[in-house]
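User: Could you take a close look at one part of this model for me, the place where the first two chains meet? I'd like the contact walked through in one go.

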Amino acid sequence: MTGYLLEIGQALLALLLAPGLVGFIRWLKARLQGRRGAKPWQPYYDLRKLLGKEVVMSKNASWLFRFAPYVIFATAVAVTLLVPLVAAPLPFDAVGDLLVVVYLLLLGTFFLALAGLDPGTSFGGMGASREVTVAAIAEPTIALAIFGLAVGAGSTNLGRIVAQTLSNPGAVINPGHLLGFTALFIVMIAETGRLPVDNPSTHLELTMIHEAMILEYSGRYLALIEWAAALKLLIFFSLLSNLFLPWGVATTLTPGALGVSVVALVVKLAALAVIVALLETRIAKLRLFRVPELLGVSFVLALLSVTSSFLLR
Amino acid sequence: MNGHDTLFAQLSTLGASVTLLFGVVLLWRRSLGAYIEAFRWQSLVLSAVFALVGYYGHDHELYIVAVALLALKVFIIPWYLKRLYQRVGGEREAQPYVNIATSLIVAGLLVMLAYAITRPLVMVSKLPTRGGIPLAVGLIFVGLFVIVSRRKALTQIVGFLVLENGIALLAALCTYGIHLIIELGVFLDVLMGFLVMQVIVYHIRNTFESIDVEQLNQLKH
Amino acid sequence: MTFLFLLFPSLIAAALAAAIRRYRSLVGWVNALLSLIALGAAVKFADHAARGGGASVFGPGELLRADGLSALMMVCVAAVASLALFLSPGFGRESQYSPSQLRRYQFFINLFIFSMLLTVSANNVGVMWIAIEATTIFSAMLIPLTLTKPSVEASWKYILICSVGIALAFAGTVLGYFDFVSLSGRAENALNWPVLLASAPSLHPEVMKLAFVFLLVGYGTKAGIAPMHTWLPDAHSEAPTPLSAMMSGVLLAVALYAVLRWKVVVDATLGDGYTNKLLIALGLLSLVVASFSIVLSRNYKRMLAYSSIEHTGLMCIGLALGPLGVFAAMLHLVNHTAAKSMTFLLAGRVLHRYHTTQIKGVSGLLKTMPGTAGMLAAGLLATIGLPPFGLFISEFALIRAGFATGHPWLMGAVLILLAVAFVAIIGHLNRMLYGTPPEGVAVGEKGGRSLALLSLNVAVLVTLGLALPAPVETLLNQIVRIVSR
């Protein structure tokens, strides 16, 4: 019983933290660029504003256009239930498998791409095709990168992977581990639409990937999609931190351990946010045809991580 | 295997992986300057691996080898390469024979091939460093692939140097290096080979006005 | 002690060439005389081995060692080196090299000879490797001597492909050493050939298989075995003529020597089935590639280079055919060295007269240069294996060995390919010898001295072809004993 309550609590925590994470990165970037920037909790105000606004839709949009935001949001929330955010052995663990997580994320991307195509605008179509190009190489890489860890743990269950790494701290400097981390980091940048793959704050449509697909959305639909995008960022950050550096994750369900784990999660998310903000400020956006090359590198790294974990068992 | 040995094994495998990754950079980037930097960093990590093997293997000759490697491949050869690049370069690998995305996938496959080929070696060896042997052979294959798939003579030289690094890494991990005199003789040979290649690249530039090896097609039947 | 007389003359010659800035032709003659000292030392080693003496060793950690195989190679290298050095001044004059080009030429060619002699006298396989890499480096400095586009292209391909090959051979050496180390721990003289050979039966078969593949591909690149031969026609045709003669004549043989040394070790571990299969496969491929390329050749120097590939392929096959085959292959090595060095030097004379390397640009040789034409005909006929020249005997022995070891189809294929090359070369030769000379080519020749020197080669070929002298036969039998234990 406590387990299920914990799961719901975990999802709620993620929902609460996600917009703050996005706002924090934006604020950091502004400061690094010498601006004052909006407060880190600005996205919460944005969400409230959007939820209150009227929805304006194109006449050509079909039921898919209205359906997609709910699917995208639902898949993101579902993934937060399955990923070990604060505790490692969870009741949904049996379902909390690597492949399920990848498929859910891909389901969300799929519907987003369809929603971009649905109104029939050219920018939407362009965004959808670019998104699918990136996803085509990125999704297998996610699977491979985490699979490298799974081989070491003997199971693709995320909770068990975390438990395995916790019980064997020396494995952190394994080449398989580090290669997997790097590969997943690059993929995270691609999947969440961060520089150098995609600029989240651009207003030039020809440079957009993610933003182009949601140009037609407004009101509560846009709120849901933005929230889902923030959740995706949080999920990737927590995958990176909890799978590869799992210290702080609670293995027992006592309030003390949980408290420590929440604090640890916040610290790790903040650290990753700082790294991403620094990266975004330093690096310029890649030209579109160079993105497959970058993703190719991450694919090779993931492949190497799997092979070296496999053979150094 | 005691804890001391495990740390050694992990560090040496880590060093080998990083060396291999710098080699893969040659297949990823386009600018010749990036290749020279990648080679430098790779040689730096390689000399660290030699020093590491010397420390844990209790073989002080390897420290000398590490220092020689450092002097030769981190300072001397990259200096010459940079000079060569300044006088002859200004060209980028715009259209390699195999495009970049495919090259990266081929690199991954080559490393898997190296793992397959070196299984008997890894099973026979009793040294803690045996985990990195497939990575060294993978680096050799990657170096070969760079030479075959790239069009600029300078890239081919760096590919050859990366190949030599792979072989040196193999020697370090397989056998804790070979005898000092021979290792130094090998370095000398590599240096001289490099200098000769450099001289010939200058000749190529002067006679062909470009270092694109596609132009070197005059000699047929 | 004799080792010093073998190795030092070429070092001294190189030092002289570097130090003395004038009197270039005098330095050239001194170089040639110094090489005779080396030749004398080599003959002494051969004599010692032929009389059944044990291998002589020298140097710290038994650095240098001369058994029968080394002695034979030393004689070949030193003889061709002397021949080339005696004819170099003439060639230098004809090619009109500038004094600085001549100086570079003399410096590097002597270092090249030194490194070849070191390769065959090294006991330590690591030192052998270093010396072979050195031969690549020194010869690569000489190929672009005239800085024409084709010569620069040839030198780039040469240095790149051969360096890669040699690097792979080093990987193979490391793997062989690795197996030894994993068995007996690090030992002081572990890379010495006799030590490796002694411990070979207890080495791991899988590892040695992998090591031999690397070694065969690596040293095979230097030996001109297909499919790693692509540098050979370019390099041998664009190099200065005396260097081409040495490269085609002995350098390929020296690389094959390295392969052979390792073959003996690997055979002691695996039995000779594995290495024989690989050698036959690559040798046959070389024969195929070479024969058809000879048919398509339009350049007579490249034709000669392809013929070298053909003979290297034959020698590879011979080495894989048991003791009889090894005897035949070694005899073939000596014969080929004599024939190929002579033909390249003569081709150089033709080049100087006709100023073209195209076959169709050369005609009427018999009228313009009767002496050269006659000897060139002799050389080419020797190369394709006609009696009374030595190559006929060695090829015959090889075919016989093939049938004796149960490879009738292989020998059939070999015979067909040899016939293809035979017909092709005779066709090209006829085109060059007969007909009317082109415009502007001087008629008549005077170079009596060079022709006299080259007639020594013909004498060697005829002697080996008519009656194998007893010392040579004992030496070859010694080698067979060393190689097939």
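This is a predicted model: local features need pLDDT of at least 70, side-chain atom pairs count only at pLDDT 80 or more; totals for chains, interfaces and linings use all residues.

Analyst: Chain A and chain B bury about 1,800 Å² between them, and 77% of that is on carbon and sulfur atoms. On the chain A side, the residues that lose the most area to chain B are Ile173(A), Glu293(A) and Leu304(A), which together make up 26% of what that side buries. As for head count, chain A puts 21 residues into the contact and chain B puts in 20.

Now for the charged part. The count between chain A and chain B comes to 1 salt bridge. It joins the side chains of Glu293(A) and Arg30(B), with an N to O distance of 3.2 Å. So Arg30(B) and Glu293(A) count as a salt bridge here, since that N to O distance of 3.2 Å falls within the 4 Å cut-off. For polar contacts across the interface of chain A and chain B, the rule finds 1 residue pair, both at pLDDT 80 or more.

Which helices carry the chain A side? α7 (175-191) and α11 (291-311) of chain A each supply at least two residues to the side touching chain B. α11(A) gives the most, with 11 residues. By type, the residues on that side of chain A split into 14 nonpolar, 5 polar and 2 charged.

Terms used
Residues are numbered from 1 along each chain as its sequence is written. Chains are lettered from A and ligands numbered from 1 in the order in which they are written. Side-chain values use heavy atoms; hydrogens and water are left out. Contact means heavy atoms within 4.5 Å. Buried area is the accessible area (1.4 Å probe) that two parts lose on being put together, summed over both. A polar contact is a pair of N or O atoms within 3.5 Å; within protein, one must be able to donate a hydrogen and the other to accept it, and residues adjacent in sequence count only if both atoms are side-chain atoms. Helices (H or I, at least four residues) and strands (E, at least two) are DSSP runs, numbered from the N terminus. Ala, Val, Leu, Ile, Met, Phe, Trp, Tyr, Cys and Pro count as nonpolar, Asp, Glu, Lys and Arg as charged, and the others, Gly among them, as polar.
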